[in-house]
Amino acid sequence: MVMHREFVPERAYESIEIGETASITKTITESDVINYAGIIGDFNPLHANSEYAKTSMFEERICHGMLTASFISTLVGCGIPGKNGLYLSQEIKFVKPVKIGDTITATAEVIEKIDAKRRIIMSTIIKNQHDEVVIDGKAVAMVMKK
């Protein structure tokens with residue numbers, strides 16, 4: 001995985017600025033899809049069966065949507081805000097499928113801060129190697145005090 005900013009273990013709420021971003025890039029592999037299916041028990045043939053997937057509208061296997069979306073959690077836990085962040089909610093719109101071999105880049109951008117609750121609201125977007133949006137959404141995280 002490639003990180004597009006130096007990931008820090010912990011951030012003070014006050015140091016987080018509106019407009020700040022963090023990104024992570026990952027090529028989705030066969031192993032990623034099979035391991036994820038094994039972890040969560042989702043062996044839907046769109047993900048696990050090449051012959052079945054050929055007959056689908058996608059014409060090949062696709063990655064689990066939540067596997068793709070899980071990289072937003074990486075951004076919250078390792079970037080903005082880091083280990084003192086508590087991921088509270090996520091709005092997700094699945095726009096395009098991610099296929100095995102696709103390289104995705106997940107980016108979070110701070111768009112609002114709620115000082116009274118130490119919360120940050122982030123625009124979250126995941127694009128494929130063709131710069132096409134595959135997931136669009138918004139995340140809310142709380143920055144915990146030490």
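How many positive and negative side chains does the protein have, and how far apart do the centres of the two sets lie? There are 17 positive and 19 negative side chains, and the two centres lie 6 Å apart. In this count Lys and Arg are positive and Asp and Glu negative, with His and the chain ends not counted; each charge is placed at NZ of Lys, CZ of Arg, CG of Asp or CD of Glu.

The model is predicted: local features need pLDDT of at least 70, side-chain atom pairs count only at pLDDT 80 or more, and totals for chains, interfaces and linings use all residues. Residues are numbered from 1 along each chain as its sequence is written, and side-chain values use heavy atoms, with hydrogens and water left out.

**Overall architecture**

- The protein contains four helices and six strands, where helices (H or I, at least four residues) and strands (E, at least two) are DSSP runs numbered from the N terminus.
- Along the sequence these elements follow the pattern β-β-α-α-α-α-β-β-β-β.
- The C-alpha trace spans about 55 × 30 × 25 Å along its principal axes.
- Of contacts (heavy atoms within 4.5 Å) between residues at least 6 apart in sequence, 65% join residues at least 24 apart.

**Surface and burial**

- The accessible surface is about 7900 Å², of which 53% belongs to carbon and sulfur atoms; areas come from the Shrake-Rupley method with a 1.4 Å probe, and for residues only the protein chains shown count as cover.
- Of the 146 residues, 38% count as buried, a term for under 20% relative accessible area, with exposed meaning over 50% and partly exposed in between (1.4 Å probe, protein chains only).

**The largest nonpolar core**

- A nonpolar core is a set of buried Ala, Val, Leu, Ile, Met, Phe, Trp, Tyr and Cys residues joined through side-chain atoms within 4.5 Å.
- The largest such core has 28 residues, and Ile28, Ile80, Ile120, Met122 and Ile126 touch the most other members.
- Two or more residues each come from strand 2 (21-27), helix 1 (30-40), helix 4 (65-78), strand 4 (103-114), strand 5 (119-127) and strand 6 (133-143).
- Helix 4 gives the largest share of this core, six residues.
- Not counting residues up to four places away in sequence, isoleucine 120 touches Tyr13, Ile16, Ile80, Pro81, Glu112, Lys113, Ala139, Val140, Ala141 and Val143.

- Valine 33 is in helix 1 and counts as buried at 1% relative accessibility.
- Beyond its neighbours within four places in sequence, valine 33 is in contact with Ile28, His47, Arg61, Cys63, His64, Leu67 and Ile100.
- Asparagine 35 is also found in helix 1, but is partly exposed, with a relative accessible area of 49%.

**Backbone features**

- Most residues other than glycine have a negative phi, and most peptide bonds are trans.
- The peptide bond from isoleucine 80 to proline 81 is cis, with omega near 5°; proline 81 is in the loop between helix 4 and strand 3 (85-94).
- Glutamate 59 has a positive phi near 65°, lies in the loop between helix 3 (50-54) and helix 4, and is exposed at 59% relative accessible area.
- Arginine 118 has a positive phi of about 55° and sits in the loop between strand 4 and strand 5; arginine 118 is buried, with a relative accessible area of 17%.
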